[in-house]
Amino acid sequence: MFTNKKIDSELNKKLSLLKEVPERRAEDVAKGRSAFLKEAHHYKVSGVIGQRQLNQPKKSIPVKPALLNWRPKMLKVAIPIILAFVIVFGTGWMVVRASQGSQPNQLLYSVKLASEELALSMAANPADQFDLSSAYMQNRATEIIVLFNKGESPSEEEIQRFVAQVDNSIAIAAGMDDEQAKQALGRIQTRLETQIQAIKLLKVDSLSEAEKSREKILLALQDKLDIVIKGKVNLTWLREKIEESHSKNNSNESQSPTPTLISSTDSHMEPTATSIHGNSQATHTHTPGAGNNQGGGNSGNSEKTKTPPGNSQGGKKTPTSIPAPTDEDTSATATPKKVKNK
Amino acid sequence: MDLNEERDLLEGAKAFNPAALGAIYDRYSPGLFRYAMRLLGDQNLAEDCVSETFSRFLKVINCGQGPDKHLQAYLYRIAHNWITDSYRKNVPALIELDETYPADDKRYPESEMEIGLQKQQLRKALMLLTPDQRQVIYLRFIEGWDMEQVAITLGKPVSAVKTLQHRAVGSLKRLLAKDKKE
């Protein structure tokens, strides 16, 4: 085993000197052995750690938390998803925000209407729903006033949309409990009165198309105002009218896809309007400058003129008065008694 | 010792079996002592080396590590590292034999003094080798191990150990020749 063939004899001789070592002292051997076994015993006794470590892999591998290990992979998947969400919803949110100031006939106006409809459908309770609907009612009024100020005439669709929003607010208010309903109707009344006043104060050429639209809007708003005032006094009547209107709308749904409107009479709106008043026979026509009317804005009562439904469908014909519902209106054949001149 | 016996001892040691550990100590501590004694030239230091070698061995197996075979090579590697560290930390004060060295005919006869001087010179020369060269010289030519055992102890391939041995012998010769001239 000892191979010294590769080294010369002199070196081998010198190295052989180191082979001789003094004999190891017996007490040192015993002491060393005892210390070794004692230390081993210590590890064995307190060797929970040792035993546990025996079962571990031979080489200790630094263990990273699992999260750190799969985080890069997770992020690879999550980042595109998050970005997609941000882009889609972020962009969508920006478009919706931008659409809020849009006007009819503008590109984002449909987004504005859709967002309003969505918000309404997502409202948690009737009170919130009413708040939103009331605000949207004001939006429609503002849009129409802006159009008038621009010298434009609101289209029939825009007028109907406005009136439908008023109807919606009234229906939501009527759906609340009595106390809340009265308060809500009071708010609608105030808002309608303000809007009527604002529209009356608009400067519109008396011979223009805009003036005709204004007349139509004022008549419709006045009609709604009458319903609200009456409804505040008689909630049952209002609810029945709404129910009746809904029934009619449901039956006419297949015939007319246009919005349904609550009206004290059928004649105040274009044929798409459906009255909850139920008095389809009562139509009040007004011809500007015909004598009964003492000028636009006069509040004196004028003689009520009943005309057959067919008479009210003339293109230039506008109602002279807005019939307010009376107690008899709760019946399907009730005739408006209160007459107001514009 | 055959491989099965060594494996049994190692398994016993890893379970802190006193019998296996005692057997390991009895089997390997004398050789380790001689190895340390030859390198260090000091009995107390050699005992420290043996003690520390076995203590480190226990710590290693307590951590679930340690060798599955070649226990002897593993223990010599621990001892060698301890000795190398010991050199680095505290260079041993090699005793120069001069005229003032006490003349004790019984303890230091002339021939013994000469041998002692040669041993000191040899150790001094060996200290100037690299740790691996020094270990190859000791294990191959003093302990009488074969190339494979040395390779296992050093953790190097046999070919590398051969090269190492060649350089170690050449360096040691030059150092001894230089010392002789001085």
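**Helix packing in chain B**

Helix α2 of chain B passes α3(B) in a right-handed crossing (left-handed if the near helix is turned anticlockwise from the far one by less than a right angle, right-handed if clockwise). The model is a predicted one, in which local features need pLDDT of at least 70, side-chain atom pairs count only at pLDDT 80 or more, and totals for chains, interfaces and linings use all residues. Residues are numbered from 1 along each chain as its sequence is written, while chains are lettered from A and ligands numbered from 1 in the order in which they are written.

Helices here are DSSP runs of H or I with at least four residues, numbered from the N terminus. The axes of α2(B), residues 18–40, and α3(B), residues 43–62, come within 8 Å and cross at roughly 135°; axes are lines fitted to C-alpha atoms over the stretch in contact, with angles from 0 to 180 degrees between N-to-C directions. The two helices are therefore oblique to each other (under 35 degrees is roughly parallel, over 145 roughly antiparallel, 65 to 115 roughly perpendicular and the rest oblique). Among the residues making this contact are B:Tyr25, B:Leu32 and B:Phe33 of α2(B) and B:Leu45, B:Cys49 and B:Thr53 of α3(B), contact meaning C-beta atoms, placed from the backbone, within 7 Å. By class, the residues of this contact are eleven nonpolar, three polar and one charged; Ala, Val, Leu, Ile, Met, Phe, Trp, Tyr, Cys and Pro count as nonpolar, Asp, Glu, Lys and Arg as charged, and the others, Gly among them, as polar.

Helix α3(B) also packs against α4(B), residues 71–89: their axes come within 9 Å and cross at roughly 125°. That makes α3(B) oblique to α4(B), and their crossing is right-handed. On the α3(B) side, B:Cys49, B:Glu52, B:Thr53, B:Arg56 and B:Phe57 meet B:Leu75, B:Ile78, B:Ala79, B:Trp82 and B:Ile83 of α4(B). This contact has seven nonpolar, one polar and two charged residues.

Turning to the neighbouring chain, 35 residues of chain B are in contact with 32 residues of chain A. Elements giving two or more residues to this side of chain B include α2 and α3. Helix α2(B) gives the most, with ten residues. The side of chain B that touches chain A divides into 18 nonpolar, ten polar and seven charged residues.

Conventions:
Two residues are in contact if their C-beta atoms, placed from the backbone, lie within 7 Å.
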